[in-house]
Amino acid sequence: MVMVVDSVEEGHSPDVDITFTKADLRDVVPHDNDPIVISLVTAGRKVHRVLGDQGSSADVMFWPTFNKLQLSLDHLRPYTGYLYGFARDQVEVRGYIELRTTFTNGTVARTEKIKYLVVNAPSAYNILLGRPTLNRLGAVPSTRHIKLKLSSMEGGSDHH
């Protein structure tokens, strides 16, 4: 279910070769097409049930997560666009917030500022990481391996 963010150490370029090997399957329990779900740290708290969603054109934080993180409404900025859900229903966007977000594999970490659209919609997840962040991170997901590999864990605006 919840799996790993792995770093690829061959270089710092976002265009390094990223491969998945048999060794990446070692800790994988047989599954029925499970999604890639990770944990990350944002607003100083660890957030579980974060979906790496290549189908999403936005990075989304759900309203209950915003509240659990005890974020101030003062930090929520107006958003004038629209967001549509899976059934093409318009989703209520409460605004957006930019938060420093840290990804780690337990050894090294990478922190990026992410602009989350805060939406009021039901979800089994706390956050959806969409194409904007997955592409900026140079992230490559593998559903077979239930892993997300990043081209470098050292880039970004801050290092930890």
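I took partly exposed to mean a relative accessible area between the buried limit, under 20%, and the exposed limit, over 50%. The model I looked at is predicted.

Entry 1, arginine 49. I looked up its surface first. Arginine 49 has a relative accessible area of 41%, so I put it down as partly exposed. This arginine sits in strand 3, residues 45-52. I also noted its backbone: phi of arginine 49 is near 55°, which is positive in a residue that is not glycine.

I located glutamine 70 in the loop that runs between helix 1 (63-68) and strand 5 (83-84). Is glutamine 70 buried or exposed? Its relative accessibility is 63%, so glutamine 70 counts as exposed.

I counted 2 helices and 10 strands in the protein. Read from the N terminus, the order is β-β-β-β-α-β-β-β-β-α-β-β. The protein has 160 residues, and 42% of them count as buried. I looked up the contacts with a separation of 6 or more: 68% of them join residues 24 or more positions apart. The accessible surface comes to about 9,200 Å², and carbon and sulfur atoms hold 50% of it.

Strand 6 (residues 90-104) pairs with strand 7 in the antiparallel sense, over 12 bridges. In strand 7, leucine 117 stands opposite tyrosine 96. Strands 6 and 7 form a hairpin with 4 residues between them. In that turn I noted glycine 106, with a positive phi of about 95°. Strand 4 (residues 60-62) pairs with strand 7 in the parallel sense over 3 bridges. Here phenylalanine 62 has valine 119 of strand 7 as its bridge partner.

The mean pLDDT of the protein is 82, and 84% of the residues reach 70 or more. Residues 1-12 stay under 50, and the model gives this stretch 47 contacts beyond four places in sequence. Residues 154-160 are also below 50, with 18 contacts beyond near neighbours in sequence. Where pLDDT is low, predicted coordinates should not be read in detail. I leave the contacts of residues 1-12 as a count.

Conventions:
Residues numbered from 1 in each chain as written. Predicted model: local features only at pLDDT ≥ 70, side-chain atom pairs only at ≥ 80, totals over all residues. Heavy atoms only, no water. Buried < 20%, exposed > 50% of the residue type's maximum accessible area, 1.4 Å probe, protein only. Contact = heavy atoms within 4.5 Å. Areas by Shrake-Rupley, 256 points an atom, 1.4 Å probe, with all protein chains shown as cover. pLDDT = per-residue confidence, 0-100. Pairing = 2+ DSSP bridges.
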